[in-house]
Amino acid sequence: MSKQEQIKVGSFIEEYFKIRKKICLIIFLIDIRHEPTENDKLMYNYIVNMAMHPCIIIANKADKIAPTKVDARVCELQTLLNPLRDIKFLSFSSERKIYTETVWNIIKNYL
């Protein structure tokens with residue numbers, strides 16, 4: 001995504017959060033396979049600093065790494081983005097439908 005597109009998207013997201021009154025949960029998706037990008041860090045900081053809504057972080061594509069490494073990887077990502085560990089980080093795989101039940105149960109609690 002170009003810098004101009006990033007600015008447009010950022011403005012859209014900011015405006016959406018200001019206008020939308022009934023947001024019950026922010027779900028922030030990151031890729032479990034990679035270190036958080038600068039855009040991931042910017043968005044995470046924006047969400048945290050906004051502090052208007054509850055948030056969970058979904059480490060998606062968990063089916064792309066070994067099942068024995070998923071929990072450790074989620075912990076690594078949490079340490080990188082959220083060392084205070086005050087936001088829930090969860091693994092998820094939309095493709096193979098693994099780790100989904102926990103995520104959906106948490107989402108349902110906010111609805």
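Visitor: Is I30 buried or exposed, and what is its relative accessible area?

Guide: I30 is buried, with a relative accessible area of 5%. Buried means under 20% relative accessible area and exposed means over 50%, with partly exposed in between (1.4 Å probe, protein chains only). Please note that this is a predicted model, in which local features need pLDDT of at least 70, side-chain atom pairs count only at pLDDT 80 or more, and totals for chains, interfaces and linings use all residues. Residues are numbered from 1 along each chain as its sequence is written, and side-chain values use heavy atoms, with hydrogens and water left out.

Visitor: Where is I30 found, and which residues does I30 touch?

Guide: I30 is found in strand β1. Helices (H or I, at least four residues) and strands (E, at least two) are DSSP runs, numbered from the N terminus. Contact means heavy atoms within 4.5 Å. Not counting residues up to four places away in sequence, I30 touches D40, I57, I58, A59, N60, L77, L81 and F89. As for I47, its C-alpha atom is separated by 14 Å from that of I30, with the two residues 17 apart along the chain.

Visitor: How many residues does helix α2 have, and what is its reach?

Guide: The expected span of a helix is 1.5 Å times one less than its number of residues. Helix α2 (residues 38-50) has 13 residues, and from first to last C-alpha it reaches 18 Å, close to the expected 18 Å.

Visitor: Which residues of α2 are buried, and which are exposed on the other side?

Guide: The buried residues of α2 are D40, Y44, I47 and M50. Seen down the axis of α2, these buried residues fall within an arc of 135° and therefore line one face of the helix; the arc is that of the directions from the helix axis to the C-beta atoms. On the other side of α2, E38, L42 and N49 are exposed. The cover over the buried residues of α2 includes α1 (3-19), β1 (26-31), β2 (55-60) and α3 (70-81).

Visitor: Which residues of α4 are buried, and what do they pack against?

Guide: T100, V103, I106 and I107 are the buried residues of α4. Their arc around the axis is only 135°, which puts them on the same side of α4. They pack against β1, β2 and β3. The face turned away from this buried side carries the exposed residues E101, K108 and N109.

Visitor: Which residues is V103 in contact with?

Guide: V103 lies in helix α4 (residues 100-110) and counts as buried at 2% relative accessibility. Leaving aside neighbours within four places in sequence, V103 is in contact with I58, L90, S91 and F92. V103 and F92 are 11 residues apart in sequence, with a C-alpha to C-alpha distance of 7.4 Å.

Visitor: What polar contact does the side chain of D63 make?

Guide: A polar contact is a pair of N or O atoms within 3.5 Å; within protein, one must be able to donate a hydrogen and the other to accept it, and residues adjacent in sequence count only if both atoms are side-chain atoms. The side chain of D63 makes such a contact with the side chain of S93, at 2.7 Å. D63 lies in the loop between β2 and α3 and is buried, with a relative accessible area of 13%. Beyond its neighbours within four places in sequence, D63 is in contact with S93, E95, R96 and I98.

Visitor: What is phi near in K61, and what is it near in R85?

Guide: Most residues other than glycine have a negative phi. In K61, a residue other than glycine, phi has a positive value near 70°. K61 lies in the loop between β2 and α3 and is partly exposed, at 33% relative accessible area. Phi of R85, likewise a residue other than glycine, is positive and near 60°. R85 is placed in the loop between α3 and β3 (88-91) and counts as partly exposed at 43% relative accessibility.
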